[in-house]
Amino acid sequence: MSVLTRDEAQTRAELLDVHRYTIELDLTGGDETFDSHTRIAFSARADGDTFVEIKPAELRSVTLDGHPLDPEALDGNRLPLKNLTAGEHELRVRAAMRYSRTGEGMHRFTDPTDGATYVYTQLFLDDVQRVFAAFDQPDLKAVFELSVRAPQEWTVLANGITEHTGDGHWRAAPTPPISTYLVAVAAGPWHSVRTEHRGLPFGLHCRRSLAPYLDADADELLDITRACYDRYHEKFDEPYPFDSYDQAFVPEFNAGAMENPGLVTFRDEFVYRSAVTDTERQTRAMVVAHEMAHMWFGDLVTLKWWDDIWLNESFAEYMGYQTLTEATRFTDTWTDFGVTRKSWGYDADQRPSTHPVAPEAVDDTASALLNFDGISYAKGAGALRQLVAWLGEKDFLAGINTHFARHRFANATLADFIDSLAGATERDVHAWADAWLRTTGVDTLTPHIAPGEHGTCALTVDRAGSRPHRIAVGLYDRDLGDDGGHLVLREHLHLDLPQDGAHPIGKRPALLLLNDGDLAYAKVRFDPESFETVRKDLSGLPAPLTRAVVWNALRDAVRDGELAPGAYLETARAHLPLESDLAIVQGVLAFAATHITDRYLTPEERPAALATLSELCRDLIRRTEDGDNPGLRLIAVRHRIDVAAHPDTIAAWLADGTVPGGPELDPELRWRVLARLAVLGATDEAAIAAELDRDPSATGQEGAARCRAALPGPEAKARAWEAMFGSDELSNYLFTATARGFWQPEQADLVREYVPRYYADAIPVAERRGPAIAVAVGRDAFPAHAVDTDALRLGEQCLRDADPTPALRRALVDQLDDLERALRVREAHRG
């Protein structure tokens with residue numbers, strides 16, 4: 001299949017105006033294919049040749065202006081349209097299209113709980129071609145008019161309000177002009193909760209088997225939706241541009257959500273079957289806010305080409321967090337951003353695959369798909385926080401509203417956006433864009449405190465990097481009260497970097513913290529005295545966001561080989577039992593378990609580290625025995641399960657169905673315990689089958705797949721490997737579940753032979769099954785536990801000698817860089 005290049009897209013956009021798609025889909029023909037009939041009204045500005053894209057199971061007929069074209073002319077995914085004359089044209093394409101099992105195109109899913117079947121589209125970035133014929137590029141916007149024939153008991157959702165016209169036929173209201181990748185259909189026997197807000201229909205939809213769980217959270221979800229909707233109308237002059245707002249929670253979804261106009265699709269893990277923390281509810285709320293922001297950033301005004309994806313994702317990321325903070329009960333969202341999202345951006349920005357927020361070298365759609373990462377989301381949002389701090393929110397919003405007015409229902413570029421901002425401020429936003437959006441890497445800020453006269457000090461900040469920064473510097477003194485251990489903010493200094501000369505700070509503080517408030521996108525270091533204060537008194541800092549900045553600094557120091565992994569664990573052991581912010585507790589435990597114990601420490605050091613984490617979790621469980629912090633207790637229980645070195649305690653929990661003092665083991669916790677018991681060799685296939693009988697849901701199927709792959713026997717490993725690499729039967733979610741069970745540090749000897757096999761088998765399965773599975777192969781099926789030079793050599797040889805697909809190559813480059821970093825960390829602290 002050919003990928004679309006930027007040059008080809010520009011040539012086609014110069015030739016064509018696309019007016020309207022009339023699409024008829026028939027979903028009643030079986031579980032392998034569906035019928036697709038597309039009518040495209042377009043005009044050519046001059047005589048010329050072009051092509052339309054489609055990936056059919058069978059191309060049945062094509063006519064152009066009533067004249068038949070030869071279906072055999074289809075070349076891969078391109079159907080040539082030759083000898084077009086200037087003027088109006090109509091193209092008709094009839095085809096049979098394949099359902100997907102990988103979350104791409106038209107995904108089909110049968111719910112194991114009740115046998116009900118659902119289909120939905122995910123057409124990003126170029127997967128519209130899997131559903132209907134299209135001139136598939138974002139700057140050829142058109143009106144879409146859709147009709148669907150579905151089984152009688154199904155409901156059909158689409159971008160516009162849908163009407164059932166009888167006998168399983170549904171018609172959706174025509175859309176305003178939108179891009180091809182934003183068209184959406186979701187069909188099945190949905191359970192729906194409907195309401196109206198300000199005259200606009202709102203809807204929530206999920207599988208029937210999830211109905212009680214959606215109903216339990218419907219008020220919360222709708223309250224958040226209404227609050228964000230109202231707040232965006234206070235910020236933006238342009239009103240919401242579509243005729244309805246449906247949110248469908250769909251199965252086996254590859255992303256967190258997708259911003260289809262009027263029909264946002266979410267992964268249905270956001271319909272909670274088991275207990276969750278308030279931070280997880282906040283994350284779901286942020287995704288709601290993020291996707292609604294896209295109705296303006298991305299849907300109303302759309303990028304012209306994929307080099308400007310940051311105009312979609314960075315803005316939605318920033319607006320999602322900021323609007324949630326302003327409009328809902330979740331007023332501390334930036335702490336979670338600092339802990340979970342910024343680290344994602346920092347990590348991505350230090351790998352060989354890094355790229356600018358707004359890259360200039362996105363030559364084709366395959367390259368574009370690789371840029372949906374921590375840079376386009378988290379780094380871009382961090383840059384926007386800097387921009388707002390620098391411009392002021394009033395000028396920032398004025399520039400945004402100018403941008404919407406100039407480009408509504410059209411396309412825009414980075415240059416267009418910067419021009420809109422420039423008209424709202426006297427600051428040099430063009431220079432800001434060059435410094436922040438066209439460069440790569442993370443700056444590092446290091447303080448130096450020099451003594452002055454009469455016991456005073458002065459601060460200078462070294463900047464390893466080139467970007468300007470506006471930061472707050474927190475000066476903290478020890479509380480002299482009776483209890484001790486607390487730090488009190490003396491003052492915040494506000495600095496612009498690079499700075500002119502040293503800045504007086506008075507007497508030396510116990511802690512000087514660069515980037516207090518986390519407005520900068522930069523790594524920060526400590527002066528020696530401040531570092532000792534952190535080690536002793538971190539939990540005594542008053543604000544969660546301040547503590548998040550400190551924990552991020554410690555995390556970065558470990559990754560850079562400047563802080564021993566064991567010292568990080570000691571700090572966590574000392575201070576995490578006193579932490580109240582759930583995002584911080586979760587983030588620190590996740591880094592400690594996933595990176596430190598599994599990668600940065602040697603196998604010989606790992607048991608002691610697991611014991612430390614287990615003790616830490618026990619402390620948190622004891623601290624929450626009074627029941628006043630169930631979220632913290634849930635986090636501690638989850639991690640206590642994951643780091644268990646011996647099966648007795650967690651096996652007793654599973655047998656009793658509860659942790660002593662709570663919580664009771666819901667499905668998520670039961671599968672978590674069983675997975676760890678499988679790793680430890682303390683369960684078997686019979687127990688897994690019994691648990692699946694108890695929970696036959698889709699989530700149960702995934703839990704069983706993970707447990708079976710984690711069993712420590714050669715037969716179990718062989719079966720799991722064959723399922724992943726020898727067969728194409730696993731859906732995207734079942735592939736991921738199997739992969740996550742397969743590699744376990746405790747089973748390194750057992751799976752040693754599979755490390756070289758991985759590189760041989762990953763290449764063909766990624767080629768055969770497409771980008772979504774390629775990402776899962778590189779992300780979830782990679783042998784991350786194998787931190788040794790032989791594994792690194794094998795990976796480098798694969799990149800050099802084999803020919804991975806772009807998605808797999810990018811994943812392998814990132815994984816091998818992480819592996820090399822882990823080896824450097826081990827070497828830095830060996831002995």
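Over how many bridges do strand 24 and strand 25 pair, and in which sense? The legends below begin with that pair.

This is a predicted model, in which local features need pLDDT of at least 70, side-chain atom pairs count only at pLDDT 80 or more, and totals for chains, interfaces and linings use all residues. Residues are numbered from 1 along each chain as its sequence is written, and side-chain values use heavy atoms, with hydrogens and water left out.

**View 1. An open sheet of 3 strands in the order 25-24-27.** Strand 24 (residues 469-478) pairs with strand 25 in the antiparallel sense over 10 bridges. Two strands count as paired if DSSP finds at least two bridges between them; helices (H or I, at least four residues) and strands (E, at least two) are DSSP runs, numbered from the N terminus. Within this pair, R478 stands opposite L487 in strand 25. Helix 11 (residues 528-537) packs on the sheet and touches strand 24, strand 25 and strand 27. The direction of helix 11 makes about 100 degrees with that of strand 27. Axes are lines fitted to C-alpha atoms, for helices over the stretch in contact, and angles run from 0 to 180 degrees between N-to-C directions. Contact means heavy atoms within 4.5 Å.

**View 2. The bend in helix 23 (residues 754-769).** The helix bends by about 30 degrees at D761, and a proline, P764, follows within four residues. The bend at a residue is the angle between axes fitted to the seven residues ending there and the seven starting there. Buried residues of helix 23, including Y758, Y759 and A762, have under 20% relative accessible area, while exposed means over 50% and partly exposed lies in between (1.4 Å probe, protein chains only). The buried residues of helix 23 pack against helix 21 (714-726), helix 22 (732-742), helix 24 (771-779), helix 25 (789-801) and helix 26 (806-828). G770, with a positive phi near 95 degrees, follows helix 23.

**View 3. T38 in strand 2 (residues 33-44).** T38 is buried, with a relative accessible area of 1%. Leaving aside neighbours within four places in sequence, T38 is in contact with residues including Y21, L91 and F132.

**View 4. D167 and D518, two loop residues with positive phi.** D167, in the loop between strand 12 (162-166) and strand 13 (169-172), has phi near 60 degrees. D167 counts as exposed at 53% relative accessibility. D518, in the loop between strand 27 and strand 28 (523-524), has a phi of about 65 degrees. At 4% relative accessibility, D518 counts as buried.
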